[in-house]
Amino acid sequence: MSYQLYRNTTLGNTLQESIDEMIQYGQITPALGMKILLQFDKSVNNSLATRVKTKITFKAGKMDTYRFCDNVWTFMLSDVEFKETQEMTKVAKLKIVACDGKSVTDENSKKN
């Protein structure tokens, strides 16, 4: 089971719209559309876990709220400062959703 967090990105939304259109025109079945989305979830999660090497640090002025539900952490932060090597960026509000990626990767490797 892979997390479906990335379906709500520009790429994920565009993929879903394309799949919906192909289903509507009878080019693929709904079952195939679901298989495509599940493969997208696995591929994005795997790529982020294995290919991204950039490290970024951040410091928040204030943690407004936090929540832990169904093994998922959600943090709402204010006045956040990001640093990567020489660059620094500030944002007024930030929402972080953090899932246990290692257990998802472990589950996937057990199935394969």
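# Exercises on a predicted model

Met 63, Tyr 66, Phe 68 and Trp 73 form a nonpolar patch on the surface, with about 470 Å² of accessible area together. This is a predicted model, where local features need pLDDT of at least 70, side-chain atom pairs count only at pLDDT 80 or more, and totals for chains, interfaces and linings use all residues. Residues are numbered from 1 along each chain as its sequence is written, and side-chain values use heavy atoms, with hydrogens and water left out.

## Exercise 1: the patch

Task: State which strand gives the largest share of the nonpolar patch, and classify the exposure of each member.

Solution. 
- Start with the rule. Patches take residues with over 30% relative accessible area and no salt bridge; nonpolar side chains (Val, Leu, Ile, Met, Phe, Trp, Tyr) are joined within 5 Å, like charges within 9 Å.
- Accessible areas come from the Shrake-Rupley method with a 1.4 Å probe, and for residues only the protein chains shown count as cover.
- Locate the share. β1 supplies three residues, the largest share. Met 63 sits in strand β1.
- Buried means under 20% relative accessible area, exposed over 50%, and partly exposed in between (1.4 Å probe, protein chains only).
- Apply them. Tyr 66 has 58%, so Tyr 66 is exposed. Met 63 is partly exposed at 46%. Phe 68 is also at 46% and partly exposed. Trp 73 is partly exposed at 35%.

## Exercise 2: the rings

Task: Count the aromatic pairs, then describe the pair formed by Tyr 66 and Trp 73 and the pair formed by Phe 68 and Trp 73.

Solution. 
- Two values describe a pair of aromatic rings: the distance of the centres and the angle of the planes.
- Set the cut-offs. Rings of Phe, Tyr and Trp (its six-membered ring) pair if their centres lie within 6.5 Å; planes under 30 degrees apart count as stacked, over 60 as edge-to-face and the rest as tilted.
- The count is four aromatic pairs. In one of them, Tyr 66 and Trp 73 lie 6.5 Å centre to centre, with 35° between the planes, and the pair is tilted.
- Next, Phe 68 and Trp 73. Their centres are 4.7 Å apart and their planes stand at 40°, so this pair is tilted too.
- Join the pairs. Tyr 66, Phe 68, Trp 73 and Phe 75 are linked into a cluster by ring pairs.

## Exercise 3: the salt bridges

Solution. 
- Define the bridge: a side-chain nitrogen of Lys or Arg within 4 Å of a carboxyl oxygen of Asp or Glu.
- In one of them, the closest N and O atoms of Asp 41 and Arg 7 are 2.5 Å apart.
- Helices (H or I, at least four residues) and strands (E, at least two) are DSSP runs, numbered from the N terminus.
- Check burial. Asp 41 is buried at 2%. Arg 7 is buried at 11%.
- Take another bridge. Asp 64 pairs with Lys 93, the closest N and O atoms being 3.9 Å apart. This pair links distant parts of the chain, 29 residues apart: Asp 64 in strand β1 (residues 57-69) and Lys 93 in strand β3 (residues 87-99).
- Asp 64 is partly exposed at 32%, while Lys 93 is exposed at 62%.
- Lys 83 and Glu 81 also form a salt bridge (3.7 Å, N to O). Lys 62, Asp 64 and Lys 93 belong to one network of salt bridges that share partners.

## Exercise 4: Ser 78

Task: Decide whether Ser 78 is buried or exposed, and list the residues that Ser 78 touches.

Solution. 
- Ser 78 lies in strand β2 (residues 72-84). At 7% relative accessibility, Ser 78 is buried.
- Contact means heavy atoms within 4.5 Å. Leaving out residues up to four places away in sequence, Ser 78 touches Ala 60, Gly 61, Lys 62, Asp 64, Ala 92 and Lys 93.
- Now the polar contacts (a pair of N or O atoms within 3.5 Å; within protein, one must be able to donate a hydrogen and the other to accept it, and residues adjacent in sequence count only if both atoms are side-chain atoms).
- The side chain of Ser 78 reaches that of Asp 64 at 2.4 Å and that of Lys 93 at 3.5 Å.
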